[in-house]
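Colleague: I'm new to this one. Could you walk me through it?

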Amino acid sequence: MSTQRAIGIGLLGLGVVGSGVAESLLSKPDALALRAGAPLALRRALVRDPKKARALTTRPFPLVTDPAQVLESPDVDIVVEVLGGEEPACGYIERALRAGKHVVTANKEVMAKHGPRLLALANEHNVQLRFEASVGGGIPVIGPLQRDLLGNDIVSIRAIINGTTNYILTEMAQKGMDFAVALGQAQQLGYAEPDPTNDVQGIDAAYKLAVLATLAFHTRVTASDVPHEGITRLRAKDFRYARELGYAIKLLAIATKEQGNLTVRVHPVLLPMETLLAKVDGAFNAIEIKGDLTGTVTFHGLGAGARPTASAILGDVVNIARAICGGEQKPMTASAADGPEEQGLRLRSMAELSTQFYLRLNVVDRPGVLALIATVLGEHGISIAAVVQKDADPAAGSAELVITTHPAQEARMQKALAVIGRSSVVREVNNLIRVEAV
Ligand SMILES: NC(=O)c1ccc[n+]([C@@H]2O[C@H](COP(=O)([O-])OP(=O)(O)OC[C@H]3O[C@@H](n4cnc5c(N)ncnc54)[C@H](OP(=O)(O)O)[C@@H]3O)[C@@H](O)[C@H]2O)c1
């Protein structure tokens, strides 16, 4: 064991993740001290309600409600922010950095909206801001992007980075459940929040993609740059039809760089069954990164939970402690975002994107309807790859058409859909899902 002074840790939050961090710090102090170069002493934790019953059985540290006791206390070297949400978390991180504290955060929203500014602030104050836990829970992906993959020009990221939606989609695919039923079950089992908006609308995945793309492409991508579409329109029958066509349906976060253009987006996709990402089921996450040198590397594991997330946080804490013990004058801020930005990279809009599409329509069941739809698509430069007629309903006089297209521009497809939607032979445009090529 080192004889150096203990490194003081202050926790902001003692919920799911905070408790996981505290438990890990308390359960293996010697091993962590050996790796860090000094004992790691948990000084105190900021909470909203100190009287609340908590999972943590032993708690040899005080709970406080005054943030200054963590952010500005002289016995705290590293502040671990696990409050969640934009504010007051972002303001607290700023205060800690200004007070000369190193900060470790699990907060994707703050990093997606304010990351580059906070990293610059950390640099200014000669301290580190680390955020491995903000994307992919226990999966190490920030570190590899900041370090090990720097020799590459990253070509693309394709990621399943929201465990809640992946759990729901897996249940829909495997058990034929509709969205609302699968969501209810996920909420009962604690996989989904009582208010699931951020997850099911793709907002959480968009935050995480902004963080990853900023690092991977050496440019600033903020949360508002990422168009996102959720999973609420998906129905059990979409999974059935997709399977018949050889596809799984996943919510993907995608960033691609092509000839100086960067496209970022989050939406459901049809993914060929044989691909690795199509096989990532349940609450698991997977992040596939393609570099010009390395080719495709895939990181797979648990993207949430107290212990996996504590793993990422403790990795950051130990690394900072090592830097403190090693007496580094100016510890590396570990950011690509505050380094020189890549010049001339243009953020391309979704409208310019070209992909294949899956289209499900409820139409009047009579001859000539398909020809009419094919004509509208053709007039917009979209050619049909396959058509299947499904589930005719003689009583209602309607039928369901599933159409897949060859690659077509998003803007053209949206215009064609508007025309198709107004047609008297189309009862409803049920779904439009993009097909992700291998
Ligand atoms: N849960 C996961 O598996 C997971 C995985 C990866 C990343 N993350 C990220 O980790 C962070 C924390 O998530 P979590 O699941 O641990 O959240 P949580 O269970 O809701 O815990 C939040 C904690 O912060 C405290 N808190 C919240 N607002 C506060 C305020 N204004 N002042 C003082 N204390 C406040 C709460 O105090 P009380 O206990 O008194 O209510 C609670 O202890 C989030 O950024 C989340 O996105 C979570």
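Colleague: Which helix gives the most to the shell around the ligand?

Modeller: That's helix 1, residues 16–27, with 3 residues in the shell. Helices here are DSSP runs of H or I with at least four residues, strands are runs of E with at least two, and both are numbered from the N terminus. Keep in mind that this is a predicted model, where local features need pLDDT of at least 70, side-chain atom pairs count only at pLDDT 80 or more, and totals for chains, interfaces and linings use all residues. Residues are numbered from 1 along each chain as its sequence is written.

Colleague: How many residues surround the ligand, and which are the closest?

Modeller: There are 23, and the closest are Gly13, Gly15, Val17, Gly84 and Ala304.

Colleague: Why is Gln259 called exposed?

Modeller: Gln259 has 6 other C-beta atoms within 10 Å. Exposed means 12 or fewer, buried means 20 or more, and partly exposed is in between, with C-beta atoms placed from the backbone. So Gln259 counts as exposed. Gln259 sits in the loop between strand 8 (247–258) and strand 9 (261–272).

Colleague: And what makes Asn126 partly exposed?

Modeller: Asn126 has 14 other C-beta atoms within 10 Å, so it falls in the in-between class. Its loop runs between helix 5 (108–124) and strand 6 (129–130). Asn126 also has a positive phi of about 55 degrees, although it's not a glycine.

Colleague: What joins Glu87 and Pro88?

Modeller: A cis peptide bond, with omega about 10 degrees.

Methods. Near = placed C-beta within 6 Å.
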